[in-house]
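Keep the viewer open as you read, and take the points in order.

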Amino acid sequence: MNFEEYAAKSMVLTPAGISVPRGRLCISAAEAAMAAANIGPCVVKAQVPTGKRGKAGGIKLAARPEEAKQAASQILGMRIGDYKVERVLVEEQAAIAREFYVAVLHDSAARKPLILFSTEGGMDIEEIAAAKPSAIRRLLVDIESKPSPADIAGMLKGLHLGDAEVQIVSVIDRLYTAFRRCDAELLEINPLALLEDNRVVALDCKFVLDDGAIYRQPDLAKSAAASALTPLEMRGVEAGLKLIQLDGNVGVLANGAGLTMTTMDVIRHYGGKPANFLEIGGEAYTKSEIALDLVLSNPGVKSLVINFCGAFARTDVMADGVVKAWHKLKPKVPVFFSIHGTGEEEAVKLVRDELGIEPYDFMEDAIQAAVKAAQ
Amino acid sequence: MIVRKNNRVVVLGITGKQGTFWTEKMIAYGTNVVAGVNPKRAGEDHVGVPIFATPAEAVAKTGGDVAVMFIPPPMAKDAAVSTVQAGIKLLVVLTEHIPAQDVMAMHAAAAKHGTRIVGPNTAGLVTPGECFVGIMPAFVPSVFRAGRIGVISRSGSLGTLVCLNLTRAGIGQSAFIGIGGDPMLGTTTRDALEALDEDSRTDAVVIVGEIGGAMEEEAAVYAKKMAKPMAAFIAGAAAPPGKKMGHAGAIVTGNAGSYASKRKALEAAGVTVVDTPSQIAAAVAAALQSGRSKVAATQ
């Protein structure tokens with residue numbers, strides 16, 4: 001789950017005791033002008049959960065309220081990536097002496113939290129890694145403990161941070177605590193700024209909440225950014241199914257993430273284009289009825305592949321759901337089946353007897369037929 | 001991580017619907033299930049298996065060395081950690097959607113106590129004709145057949161399809177190792193490859209990978225040194241970047257985790273990478289053939 005900058009700062013950094021510039025969230029240009037009148041020289045920042053806001057023109061400086069008003073009216077309504085800007089953050093300008101990068105994230109290979117720090121703030125970490133890899137300091141943390149101030153200071157050794165070092169150690173310590181408390185997948189401050197008045201302040205913040213932890217972070221989850229979903233994908237969310245709408249015309253209904261991806265791959269291999277990703281694996285295998293409705297509701301679909309290979313997911317249960325939905329929906333596009341694994345005999349019999357369709361023995365043949373039918 | 005008939009298996013969450021269904025399947029197939037765990041039903045029998053209050057008691061009373069968890073995500077960490085502390089050798093974690101920081105805590109405990117974790121989010125382990133641990137259709141004769149090919153898979157459904165294709169071509173399997181679809185796994189592709197390389201009952205290995213992470217690239221480094229022939233299929237060539245494709249681990253960000261990178265690394269290591277799953281059987285047969293002729297040529 002992604003968060004906008006304002007939510008990340010107010011829900012994660014501020015409660016952790018990390019300083020952020022004074023700011024106000026605004027939904028109109030008039031509101032931005034009022035905020036600027038109160039704050040003084042300010043930055044007007046588009047609130048969307050994606051990077052490259054500055055490059056897209058979503059961040060503007062304003063010295064006076066009327067400039068803030070103009071900036072906000074330009075930024076509000078703008079599209080950045082997949083998102084439409086509906087809010088701006090009006091924040092006091094900072095007199096920056098130095099910029100740093102700091103983040104806590106998962107190191108999948110080490111299976112541990114990883115703290116990153118760099119004196120090259122303001123750039124993406126990928127850019128820093130490419131341009132100046134030696135500028136990145138790393139500290140792997142034992143999840144059962146937490147890094148001591150000495151561990152953190154050790155990571156920063158030789159970076160000549162001067163008087164700011166004590167404050168930076170404290171920010172990293174607090175950031176790690178917030179990472180743990182908030183079940184963060186990524187918690188990044190970029191840039192972390194040393195101001196000319198010697199304060200250390202988080203100018204931007206990126207927070208990604210671990211999807212697996214949503215159940216125990218209800219307050220945070222409520223403040224998450226709305227996903228850029230199509231109406232059909234929203235219906236998927238409501239049904240508890242992971243649906244990604246694509247621009248092709250061969251619909252996909254398969255069980256398990258691996259088999260679903262493979263079905264898409266093979267569609268492309270035979271020169272077709274998949275219309276969606278939709279998996280009904282795991283516990284969701286009982287949802288084939290609503291799943292069929294979803295894939296057929298995609299206006300781009302010209303043919304459909306139903307590819308079941310049951311391990312945990314029972315193909316007889318999935319086929320039963322499909323048959324039930326079929327009688328209600330009466331699909332107008334040709335549908336091609338391949339069914340194997342747990343419950344195979346009953347599932348094939350159901351499809352054969354109830355729908356009068358003979359499943360293909362190889363998924364490749366079902367897919368080839370579907371690609372041909374969609375052309 | 002290759003399960004055998006003489007392994008003594010403890011089932012956590014044995015009394016639930018899925019725990020009951022799959023424990024019966026495991027026992028019928030030949031798995032030596034010695035204990036179940038459920039604090040509320042300790043002292044009872046369930047599907048003919050004695051139930052204990054804690055993993056420690058189950059291990060102490062029955063000598064269990066392998067455990068499998070049918071436990072929902074909020075309770076998974078505590079169940080895993082207490083099982084690891086009970087001294088289990090191998091822990092199979094089927095649960096999907098465990099909070100990542102809980103997964104890290106499980107792995108930290110396992111490292112401390114010398115336990116191997118398989119998973120999370122794995123479909124389990126199958127030794128065809130002998131036993132299985134998890135939620136795989138080991139008992140469907142069209143899917144699994146005893147033989148000499150090892151299969152490693154991040155996905156249960158796709159792993160099932162690949163085994164089905166091998167079996168249909170008359171190629172049996174020595175072991176199926178489901179490593180799981182999560183980003184932080186106890187057993188990586190490389191770990192599984194090493195185990196199958198050392199296994200005297202395995203002649204060749206099939207790797208079923210997918211986009212995301214760097215496990216296939218890491219396995220390729222080991223594969224370079226291997227004498228046993230290998231074939232692979234990588235899922236996700238058509239997946240759009242930046243989107244999680246169902247599995248939490250299956251996401252391409254920038255160049256990291258891409259299909260092209262994985263395919264290139266495996267091919268450079270001498271692994272035959274096929275375009276569709278039905279090509280895997282022919283690729284294995286050809287790799288075995290050329291492997292034999294290489295051996296013959298050097299003799």
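This is a predicted model: local features need pLDDT of at least 70, side-chain atom pairs count only at pLDDT 80 or more; totals for chains, interfaces and linings use all residues.

1. Let's begin with the overall form of chain B. Its C-alpha trace spans about 60 × 40 × 30 Å along the principal axes. A compact globule with 299 residues would have a radius of gyration near 19 Å, and chain B agrees, because its own value is 19 Å. Of the 299 residues in chain B, 59% are buried. Among the contacts in chain B with a separation of 6 or more, 70% are between residues 24 or more positions apart.

2. Next, look for the sheet in chain B. Seven strands build an open sheet with mixed pairing, and their order is β3-β4-β2-β1-β5-β6-β7. At its edges are β3 (45-46) and β7 (116-118) of chain B, each of which pairs on one side only. Strand β6 (residues 90-93) of chain B runs parallel to β7(B), and the two pair over three bridges. One residue pair to pick out there is Val92(B) with its bridge partner in β7(B), Val118(B).

3. Helix α2 (residues 55-62) of chain B touches β1 (9-12), β2 (33-37), β4 (49-52) and β5 (66-69) of chain B. The direction of α2 in chain B makes about 155° with that of β2(B).

4. Now turn to where the two chains meet. The contact takes 51 residues from chain A and 50 residues from chain B. On the side of chain A that touches chain B, at least two residues each come from β8 (112-118), β13 (242-245), α9 (257-269), β15 (276-279), β16 (303-310) and β17 (335-341) of chain A. Which element supplies the largest share of that side? It is α9(A), with 12 residues. By class, the side of chain A that touches chain B comprises 20 nonpolar, 15 polar and 16 charged residues.

5. One helix pair across the contact is worth a look. The axes of α9(A) and helix α5 (residues 156-168) of chain B come within 5 Å and cross at roughly 65°. Angles of 65 to 115 degrees count as roughly perpendicular, and α9(A) and α5(B) are therefore roughly perpendicular to each other. Gly258(A), Leu259(A) and Thr262(A) in α9(A) meet Ser157(B), Leu158(B) and Leu161(B) in α5(B). The residues of this contact divide into three nonpolar, three polar and no charged.

6. Is Thr160(B) buried or exposed? A residue counts as buried if 20 or more other C-beta atoms lie within 10 Å of its own; Thr160(B) has 35, so it is buried. Thr160(B) touches residues of both chains: Cys309(A), Ala311(A) and Gly341(A), together with Met136(B), Pro137(B) and Val143(B), leaving aside residues up to four places away in sequence. The C-alpha atoms of Thr160(B) and Val143(B) are separated by 6.7 Å, although the two are 17 residues apart along the chain.

7. Finally, have a look at helix α1 (residues 5-13) of chain A. Eight of its nine residues are buried, so this helix is largely enclosed by the rest of the structure. The buried residues of α1(A) are Glu5(A), Tyr6(A), Ala7(A), Ala8(A), Lys9(A), Met11(A), Val12(A) and Leu13(A).

Conventions
Residues are numbered from 1 along each chain as its sequence is written. Chains are lettered from A and ligands numbered from 1 in the order in which they are written. Two strands pair if DSSP finds at least two bridges between them. Helices (H or I, at least four residues) and strands (E, at least two) are DSSP runs, numbered from the N terminus. Two residues are in contact if their C-beta atoms, placed from the backbone, lie within 7 Å. Axes are lines fitted to C-alpha atoms, for helices over the stretch in contact, and angles run from 0 to 180 degrees between N-to-C directions. Ala, Val, Leu, Ile, Met, Phe, Trp, Tyr, Cys and Pro count as nonpolar, Asp, Glu, Lys and Arg as charged, and the others, Gly among them, as polar. Angles under 35 degrees count as roughly parallel, over 145 as roughly antiparallel, 65 to 115 as roughly perpendicular and the rest as oblique. A residue is buried if 20 or more other C-beta atoms lie within 10 Å of its own, exposed if 12 or fewer, and partly exposed in between; C-beta atoms are placed from the backbone. The radius of gyration is taken over C-alpha atoms; the globule rule is 2.2 Å times the number of residues to the power 0.38.
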